[in-house]
Amino acid sequence: MKYYIIIPAYNEEAFMALTLQSLVEQTVLPSKVIVVNDSSTDKTPEIVLAFAEKHPFISLVNKKSEAIHLPGSKVIQAFHEGEKNIDDNYDIIVKVDADLIFPNHYFETIIKEFQSDETIGMVGGFCYIEKNGEFVLENLTDKDHIRGALKAYRKEAFKQIGGLKAQMGWDTLDELLCKFYNWKVVTIESLHVKHLKPTGASYNQAARFKQGEAFYALGYGFFITSVASLKLAMRKGKPLLFIDYLKGFWKAKKANKTMLVTPEQAKFVRKYRWKKMKEKII
């Protein structure tokens, strides 16, 4: 199976070479790696071009956008720019961050998983961050959820869910829509990926409000949003984030913001979330 990788990148000179080196050392190489340099002010593009000279499947695309980072929108807009530079001759499309180190058998394992079952729509490993000199599982990780940093999609599933939405919550929406359309989402615990920059390290209050807005847009409803907000705030070790998330939810609801799901999909999402909560309680 042929796979294409798109990497949104903004000021990643500290990690870019490590990520690309781990990709060129894969036991099954990607057919294309598109790095979208999103208005970097450091040496990110020079690093990518140096790799591209040695590895023809790597290419650089430059994009201009504002420096402000609101999770979801900026990174996926960059991903969309990368999509403009690929053809349709792939089996798997992968969105990865520019601060990851993959084990060299990562994509060989991913491909074998896709080949094992035609109903598998998404596959991913697990992100590990460094603490006290060793890499440990990032505490934002659920065993049945693929982190936004490393998403691999079967082409047919990717197209059916409508690709990725440039809004916070995109990396939950994609999995919910896969399940809505009866695609399987598979996580592989044995695939440990080093995540060099903690998730959300630079998020401001506006971004935290966006999390609550995302819960609204996903059709969670108030009660499920409350539970999800509390869980996320506690995982991040910042209980007061719970208040910001709820404020974001009510702000979006009051403004009657556009939903990311149809009424039928929202009903499915709430039913699925209720089921998962009950399973964890029981």
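**Strand S2**

Buried here means under 20% relative accessible area, with over 50% exposed and partly exposed in between (1.4 Å probe, protein chains only). I am reading a predicted model, where local features need pLDDT of at least 70, side-chain atom pairs count only at pLDDT 80 or more, and totals for chains, interfaces and linings use all residues. Residues are numbered from 1 along each chain as its sequence is written, and side-chain values use heavy atoms, without hydrogens and water.

Next I checked the partner of S2. Strand S1 (residues 3–9) pairs with S2 in the parallel sense over 6 bridges; pairing requires at least two DSSP bridges between the strands. I traced isoleucine 6 to its bridge partner in S2, isoleucine 34. Strands (E, at least two residues) and helices (H or I, at least four) are DSSP runs, numbered from the N terminus.

**H1 and H2**

I took helix H1 (residues 16–24) against helix H2 (residues 44–54): the angle is about 20° and the axes lie 10 Å apart. H1 is therefore roughly parallel to H2. Axes are lines fitted to C-alpha atoms, for helices over the stretch in contact, and angles run from 0 to 180 degrees between N-to-C directions. Under 35 degrees counts as roughly parallel, over 145 as roughly antiparallel, 65 to 115 as roughly perpendicular, and the rest as oblique.

I listed the contacts (heavy atoms within 4.5 Å). Met16, Ala17, Leu20, Gln21 and Val24 of H1 meet Thr44, Ile47, Val48 and Phe51 of H2. By class I get 7 nonpolar, 2 polar and no charged residues. Nonpolar covers Ala, Val, Leu, Ile, Met, Phe, Trp, Tyr, Cys and Pro; charged covers Asp, Glu, Lys and Arg; the others, Gly among them, are polar.

**H8 and H9**

I then turned to helix H8 (residues 221–235) and helix H9 (residues 241–254), which pack at about 150° with axes 8 Å apart. That makes H8 roughly antiparallel to H9. H8 passes H9 in a right-handed crossing. The contact residues divide into 10 nonpolar, 4 polar and no charged. Among them are Phe222 and Leu230 in H8, and Tyr245 and Trp250 in H9.

**Glutamine 265**

Last, I located glutamine 265 in helix H10 (residues 263–281). Glutamine 265 is buried, with a relative accessible area of 9%. Leaving aside neighbours within four places in sequence, glutamine 265 contacts Leu177, Phe180, Tyr181 and Leu260.

Methods: Left-handed = near helix turned anticlockwise from the far one by under 90°.
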